[in-house]
Amino acid sequence: MQKEQLIEWLTAGIRSAGLSETAVPALERPKQAEHGDWATNIALQLAKPLGKNPREVAASFKAALEAAPHPLVSEVSIAGPGFINIRLKSAAKFSVLADVLKAGEKFGYSDARKGEKVLVEFVSANPTGPLHTGHARQAALGDTLCNLLETQGCAVHREFYYNDAGNQIDNLTRSVQLRAKGVVPDGEGWPDDGYRGEYIVEIGKLFLASGGDVNDANAVREFAVNVLRNEQDKDLTAFGVKKFDCYYLESSLYTDGRVDKTVDGLKTSGHTFEQDGALWLKTTDYGDDKDRVMRKAAGGYTYFVPDVAYHVSKWERGFHTVVNIQGTDHHGTIARVRAGLQALEVGIPKGYPDYLLHSMVRVMRGGEEVKISKRAGSYITLGELIEWVGKDAVRFFLVSRKADSEFTFDIDLALSQSEENPVFYVQYAHARICSVLRDGGISDTALANADLSALTHEKAEALATRLADFPAVLAAAARDLAPHVLPFYLREVAAAFHSYYNAERFLVDDVRDRTARLALAAATAQVLKNGLQLLGVSAPDKM
RNA sequence: GCGCCCGUAGCUCAGCUGGAUAGAGUAUUGGUUUCCGAAGCCAAGGGUCACUGGUUCGACUCCAGUCGGGCGCGCCA
């Protein structure tokens with residue numbers, strides 16, 4: 001890639017100028033386009049250890065660079081306190097178009113992390129109710145993150161963990177039984193933490209219609225879990241989330257002996273102790289703020305034991321990069337799980353696993369917060385969100401915020417002002433290009449052979465420069481677990497395109513000009529499409 | 001009380017391992033089409049980056065404290 005080439009060249013310049021034997025310059029896009037195509041602040045950073053004025057360092061660096069000119073570079077200049085600005089030759093900026101057209105839907109992909117096994121766990125909703133907006137955010141983030149990791153060559157495994165062993169399922173069963181018998185919430189025998197949503201009634205009706213016996217708790221449980229699992233899957237499919245590779249059941253950790261094995265391992269490593277009739281793990285040895293109970297005095301393990309056992313399973317299945325996507329309300333468990341894994345002393349690294357935490361989603365409508373969903377009882381569901389504003393807008397919106405920042409989803413904004421909606425803006429750019437290409441009636445081979453030197457407009461240069469950033473954007477988003485950069489990037493590409501569109505016409509008489517411009521358009525459409533696909537958002541040909 | 005996260009334009013949010021004049025969208029105002037999609041483009045106004053101190057040649061960014069908000073702090077999951 002061009003950027004790496006330039007960094008090599010700059011590094012050589014640093015060496016030959018005798019400024020440093022080890023420093024590697026960081027190359028970034030200047031905020032102001034007038035400053036050039038690339039900039040580095042390496043002279044500022046080297047000035048201090050050298051005890052020299054930054055501008056002086058920059059001057060000798062510049063001289064070294066000019067002594068061995070780079071074929072892509074047209075100009076090197078010093079600016080401000082000692083920045084080195086680099087300007088590329090025009091041809092260097094447009095060469096990316098040929099790359100895009102050649103690579104097609106694989107443009108932006110890399111094999112930098114080829115073969116790296118990565119497990120991403122997300123959604124992991126218990127089968128006790130419909131998916132809510134928090135799950136929606138998780139599904140959008142998780143699916144996109146998986147896609148991003150795949151662009152880097154990772155072998156990605158999507159996993160959904162669910163609790164089918166705890167008392168929440170018993171609670172669900174009891175709630176369905178009572179509702180089926182006509183008991184209303186808070187009626188006779190209704191448990192304090194019973195599930196109150198309308199869906200409980202629906203499940204009860206379905207169960208009765210199937211001819212089941214309400215008093216058969218096992219039958220009710222199985223039926224209810226099935227209905228809810230199916231419904232969750234349906235919502236996820238409607239949301240465009242790729243199929244999970246594995247649904248991991250908590251109960252299996254008990255039946256296959258992993259829980260017992262984990263307890264034994266922790267005892268053997270000597271970090272457990274008995275107190276008040278319970279078995280504890282000294283998680284404070286590993287940075288937790290208090291020790292945790294493993295086995296209750298009344299018998300049975302706390303949820304945290306299977307959690308640790310589960311992560312041992314991830315490790316033993318060969319996933320040394322693991323990302324758990326969870327709500328920030330679970331952040332307290334991070335230290336615990338990590339501590340448990342450390343206490344086992346089986347060589348699992350300290351920071352394992354990684355977490356991508358997201359905060360909850362507030363839904364606004366008509367200027368006030370929507371909290372009540374009739375169907376779910378308390379929270380807004382994923383299904384309702386999709387119904388209100390459509391899959392594309394929901395996915396784009398939910399991913400386009402930093403995961404840990406609180407997010408207010410304004411239904412009215414996503415709906416009534418759909419023309420100003422960023423997702424439509426990006427999709428519109430794509431559709432507009434498709435329209436131009438249709439009118440242009442040009443073949444792929446003609447585009448591939450376009451004489452790109454016909455492109456001269458500065459807005460065309462700006463657009464091509466943006467397109468060239470795509471691979472780096474994907475790599476950074478995957479590395480930093482930051483899917484939100486992708487929607488921002490796509491918006492910029494769309495803006496650069498619209499701006500160029502208004503500056504120069506595509507369908508001109510001169511064949512050489514027309515072909516080159518259409519090649520630029522086609523490459524832009526390709527990048528937009530590739531990016532939208534990673535977000536799970538459609539790229540319509542017309543709208 | 002303790003821990004984690006957050007506080008940037010009226011509103012919703014970006015700001016990469018500290019760097020050049022803090023950016024988008026939206027809202028407001030003004031332009032823009034006999035010609036490829038005006039769901040567009042061009043421009044203007046709008047900021048003590050919560051506050052205070054510190055480190056640094058340089059701080060929205062790092063550190064400490066204060067204020068304000070969210071979430072945790074169970075022998076629930």
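Strand β4 (residues 117-121) runs parallel to β5 and pairs with it over five bridges. Two strands are taken to pair if DSSP finds at least two bridges between them. Helices (H or I, at least four residues) and strands (E, at least two) are DSSP runs, numbered from the N terminus. The model is predicted: local features need pLDDT of at least 70, side-chain atom pairs count only at pLDDT 80 or more, and totals for chains, interfaces and linings use all residues. Residues are numbered from 1 along each chain as its sequence is written, while chains are lettered from A and ligands numbered from 1 in the order in which they are written.

Between β4 and β5 the chain passes through helix α5 (residues 133-151), and this β-α-β crossover is right-handed; that is, with the strands pointing away from the viewer, the path from the first strand over the helix to the second runs clockwise. β5 also pairs with strand β6 (residues 246-249), again in the parallel sense, over four bridges. Strand β5 (residues 155-162) is mostly covered, with six of its eight residues buried. A residue counts as buried if 20 or more other C-beta atoms, placed from the backbone, lie within 10 Å of its own.

A further sheet is open and has three strands in the order β13-β12-β14, with mixed pairing. Its edge strands, β13 (368-370) and β14 (407-410), each pair on one side only. Neighbouring strands are turned by 45 degrees against each other on average, direction ignored, where the axes are lines fitted to C-alpha atoms. Strand β12 (residues 361-365) and β13 are antiparallel and share three bridges.

Individual bridge partners are listed below.

| Residue | Bridge partner | Strand of partner |
|---|---|---|
| Val120 | Arg158 | β5 |
| Phe160 | Tyr247 | β6 |
| Arg365 | Glu368 | β13 |

In helix α4 (residues 90-103), the buried residues include Ala92, Phe94, Val96 and Val100. The buried residues of α4 pack against α1 (2-16), β3 (83-88), α18 (458-468) and α21 (511-535). Just after α4, Gly104 adopts a positive phi of about 60 degrees.

The domain assignment of chain A gives domain 1 (2-88) and domain 2 (420-535); such bounds come from an automatic or database domain assignment. The C-alpha centres of the two domains lie 30 Å apart. Four residues of domain 1 are in contact with four residues of domain 2, contact requiring C-beta atoms, placed from the backbone, to lie within 7 Å.

Key: Axes are lines fitted to C-alpha atoms, for helices over the stretch in contact, and angles run from 0 to 180 degrees between N-to-C directions. A residue is buried if 20 or more other C-beta atoms lie within 10 Å of its own, exposed if 12 or fewer, and partly exposed in between; C-beta atoms are placed from the backbone. Two residues are in contact if their C-beta atoms, placed from the backbone, lie within 7 Å.
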